[in-house]
Amino acid sequence: MHARASLAALGLALALAAVVPGAATADSPGPTAAGAAPSCGTGVVGQDSSGRVLEHFVRNGRHVRTRRGPRLPQRITGLGYVDVRGKVTRLSATTAGGVPRMLTLKATGRHRMTASTTPFAQRGFAPVLFTDAYGYFAYTVDRAGVLHRWVLDRGRGGEVRYTGRTRLGDGFKGLTALGTAGHRAKPAADLLYAVTARGALRLLTVPLARPRAHTAQTLLRRGYAGVTELSAGYCVAEGQDVVIALDPAAGKATWTLISGLTTRSPSAHQRGAVTGRADWVLHAVM
């Protein structure tokens, strides 16, 4: 669990497509000509109010289909990406009972998947906000508004838990959503999206070697009021990414195009509501 993937592979994995960039499939956008409209895809995984696991596929701001899984007995409160191996996707999950779990999804068709969970050897792990950065570092915000970094670790006996908690700083109590955006190679850093109570979209940069020296910048000052869930995706064009923002209370989703995510001057452009018919009353989304 300690291996870190390349940025290109991470972008594909976040869309849960497992395809080669530029190869058009039913789940992924095709090549984009210079000056053409952005070609972006996202797989939005979440749990609905009945406990069922759903995966909505969004292409260029339009919902194109849904893959449905079974209802889970656990109420999931947060999801984070771990890895994709063929048709199997692994996500880390926090639960209402305080026991984190590994959620394993296996596609059995275009519209169906299986889902199972395995508990970690840990209790009392119930952060207010949670995201996992590709099965290595995880980030949480507690009730006091403190941001922590954790390590997903496997013990000698095979037990899995979050360890090595590092306090990164306080002042995060006003956040309503937290999600993994990507990984910058040089200098190495995890990138996180965050939404403030006033509806701003922010980007947190956490250097791997000096996590307490994290920085934050505002991508957009308004437009995300009510957003509690975020899902990052990828675009075929180099230097472009996409993020889907959900307001479950209103049952709506919007999409935003991100340019230069790993540079010093990233920018964001809201593209409006995600169109098509889909249930956006989802919680614990990635």
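Phe120, Phe125, Phe130, Trp150 and Tyr162 form one aromatic cluster. The model is a predicted one, in which local features need pLDDT of at least 70 and side-chain atom pairs count only at pLDDT 80 or more, while totals for chains, interfaces and linings use all residues. Residues are numbered from 1 along each chain as its sequence is written, and side-chain values use heavy atoms, with hydrogens and water left out.

**Aromatic pairs**

Rings of Phe, Tyr and Trp (its six-membered ring) are taken to pair if their centres lie within 6.5 Å; planes under 30 degrees apart count as stacked, over 60 as edge-to-face and the rest as tilted. By this rule the structure holds seven aromatic pairs.

| Pair | Centre-to-centre distance | Angle between planes | Class |
|---|---|---|---|
| Phe125 and Tyr162 | 5.0 Å | 15° | stacked |
| Phe130 and Tyr162 | 5.9 Å | 70° | edge-to-face |

Strands, here and below, are DSSP runs of E with at least two residues, numbered from the N terminus.

Burial follows relative accessible area: buried means under 20%, exposed over 50%, and partly exposed in between (1.4 Å probe, protein chains only). Phe125 and Tyr162 are both buried. Tyr162 has a relative accessible area of 3% and therefore counts as buried. Phe130 is likewise buried, because its relative accessibility is 6%.

**The loop at Asp142**

Asp142 is found in the loop between β9 (137–141) and β10 (147–154). Its relative accessible area is 27%, so Asp142 is partly exposed. When neighbours within four places in sequence are left aside, Asp142 is in contact (heavy atoms within 4.5 Å) with Val128 and His148. Asp142 and Val128 are 14 residues apart along the chain, and their C-alpha atoms are separated by 5.2 Å.

**A four-stranded open sheet**

An open sheet of four strands has the order β12-β13-β14-β15, and its pairing is antiparallel. Its edge strands are β12 (175–184) and β15 (215–220), each of which pairs on one side only. On average, neighbouring strands of this sheet are turned by 25° against each other, direction ignored; the axes behind this angle are lines fitted to C-alpha atoms. Two strands are said to pair if DSSP finds at least two bridges between them.

Strand β13 (residues 189–196) pairs with β14 in the antiparallel sense over seven bridges. Ala189 has Pro207 as its bridge partner in β14. These two strands, β13 and β14, form a hairpin with four residues between them, and Gly199 in the turn has a positive phi of about 90°. On to the next strand, β14 (residues 201–207) is joined to β15 by five bridges, and the two run antiparallel. Thr205 has Thr215 as its bridge partner in β15. Strand β14 is mostly covered, with six of its seven residues buried.

**Nonpolar cores**

A nonpolar core is a set of buried Ala, Val, Leu, Ile, Met, Phe, Trp, Tyr and Cys residues joined through side-chain atoms within 4.5 Å. The largest such core has 31 residues, and Leu79, Leu91, Leu103, Leu105, Tyr139 and Leu178 touch the most other members. A second, separate core comprises 18 residues, including Tyr193, Val195, Leu203 and Ala232. Apart from neighbours within four places in sequence, Leu91 is in contact with Val45, Leu79, Gly80, Tyr81, Val82, Arg101, Met102, Leu103, Leu105 and Met286.

**The disulfide**

A disulfide is a covalent bond between the sulfur atoms of two cysteines. The criterion applied is a pair of cysteine sulfur atoms within 2.5 Å, and by this rule the count comes to one. Cys40 and Cys235 form this disulfide, with their sulfur atoms 2.1 Å apart. The link of Cys40 and Cys235 is right-handed, with 95° about the S-S bond. It connects distant parts of the chain, since Cys40 is in strand β1 (residues 40–47) and Cys235 in strand β16 (residues 229–235), 195 residues apart. Cys40 counts as buried because its relative accessibility is 2%, and Cys235 is buried with a relative accessible area of 8%.

Notes:
Axes fitted to C-alpha atoms, helices over the stretch in contact; angles between N-to-C directions.
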